[in-house]
Amino acid sequence: MPLAFLFPFSCIAIWAGNGIVSKLAVGVLSPAALAWSRWMVAALVLSPFLARRVWRARARLRAGLWQIAMLALLGMVLNQTFGYYAAQTLGATEMGLMMGLTPLLTVLFSIWLLRERPTWGAVLGALLSLLGLSILLGQGDPTRLFTQGIHIGSVYMLISAGTYALYSVLLKKWDLGLDNWSLLYGQVICSVVILTPFFLLVDGQWPDGRALWLILYAGIPTSALSPWLWMQGIALLGANRTTIFMNLLPVMTAGLAITLLGERLTSYHLIGGGLTLLGVLLAQLLVRPVVMGRRRVVLAPCPEE
């Protein structure tokens with residue numbers, strides 16, 4: 001499909017806009033309220049179109065309920081909630097740069113959970129990204145991490161990136177026999193169930209009119225549409241080619257943050273973020289496996305049937 005790249009590209013553009021929404025929501029509604037309301041809106045929007053389809057697939061949904069709930073917890077609840085808490089203290093540019101670590105973390109989780117062989121790109125990319133991240137977190141001076149520690153917002157953002165990377169790997173690992181829309185709807189409903197008690201305990205106040213457009217953006221394009229675009233991209237292009245588009249997220253987010261929020265790019269953003277993204281690219285482009293020792297195993301080609 002020649003235009004298949006439009007699916008992940010559109011998804012990344014929506015995610016970049018959501019980074020701006022996260023910053024604009026600070027002081028307007030709490031992270032708990034935004035996390036809960038966005039998935040509630042997504043459930044209300046999707047239900048008229050998908051409820052009947054999901055009812056027909058209820059046996060498969062019931063069989064994979066715990067996997068769907070785990071995917072919802074990682075990719076929709078923890079990922080987004082920690083991102084919203086990070087937005088309380090971090091700029092959208094920094095959030096985008098740190099979220100750009102997701103492809104590298106996905107590669108590392110794949111080595112662990114999918115038993116994929118480590119590659120030179122993963123090894124070199126991890127080291128380079130670690131250097132870039134230390135420059136970024138230390139605001140140009142990596143030694144500040146030893147004297148002042150890591151900012152709590154940065155910790156939240158690293159957890160957000162890690163949970164989405166784990167979500168992506170488990171999405172590949174678990175074949176639940178469901179189409180993308182049914183799988184998405186199941187995760188949305190699970191997210192609402194998980195977040196409702198959290199919202200009532202932490203916040204419990206109904207968002208006012210000022211937050212309406214923020215909730216609608218987070219609930220419709222970001223929550224109801226972008227996950228389907230991402231899963232469709234994986235289906236058409238494969239996971240590795242689709243994940244490469246994540247490298248556009250920091251660039252798009254920084255562009256929007258500078259244009260709409262007046263944020264300023266500093267030298268440590270450019271150096272630390274550049275090294276981090278270069279490490280991510282190496283992890284995806286250098287796919288030669290790491291071979292320990294000099295012994296090589298040559299596999300004979302399979303005879304044609």
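Start by selecting R53, which is partly exposed, with a relative accessible area of 33% (partly exposed lies between buried, under 20% relative accessible area, and exposed, over 50%, using a 1.4 Å probe and protein chains only). This is a predicted model, where local features need pLDDT of at least 70 and side-chain atom pairs count only at pLDDT 80 or more, while totals for chains, interfaces and linings use all residues. Residues are numbered from 1 along each chain as its sequence is written, and side-chain values use heavy atoms, leaving out hydrogens and water.

**Stop one: a salt bridge**

A search of the whole structure finds one salt bridge. The pair links distant parts of the chain: R53 sits in helix α2 (residues 31-56), D179 in the loop between α9 (152-173) and α10 (180-202), 126 residues apart. Helices here are DSSP runs of H or I with at least four residues, strands are runs of E with at least two, and both are numbered from the N terminus. D179 is also partly exposed, at 34% relative accessible area.

**Stop two: helix α5**

Now select residues 92-99. Eight of the eight residues of this helix, α5, are buried, so it is largely enclosed by the rest of the structure. Among them are T93, E94 and the methionines M95, M98 and M99.

**Stop three: E263**

What joins the side chains of E263 and T93? A polar contact of 2.9 Å does (a pair of N or O atoms within 3.5 Å; within protein, one must be able to donate a hydrogen and the other to accept it, and residues adjacent in sequence count only if both atoms are side-chain atoms). E263 is buried yet has no salt bridge; K23, the nearest side chain of opposite charge, is 5.4 Å away (Lys and Arg count as positive, Asp and Glu as negative, and His and the chain ends are not counted). Leaving aside neighbours within four places in sequence, E263 is in contact with G91, A92, T93, A257 and I258, contact meaning heavy atoms within 4.5 Å.

**Last stop: the whole protein**

Zoom out to see 14 helices and zero strands. Buried residues make up 50% of the 305 residues.

Definitions and conventions. Salt bridge = Lys/Arg side-chain N within 4 Å of Asp/Glu carboxyl O.
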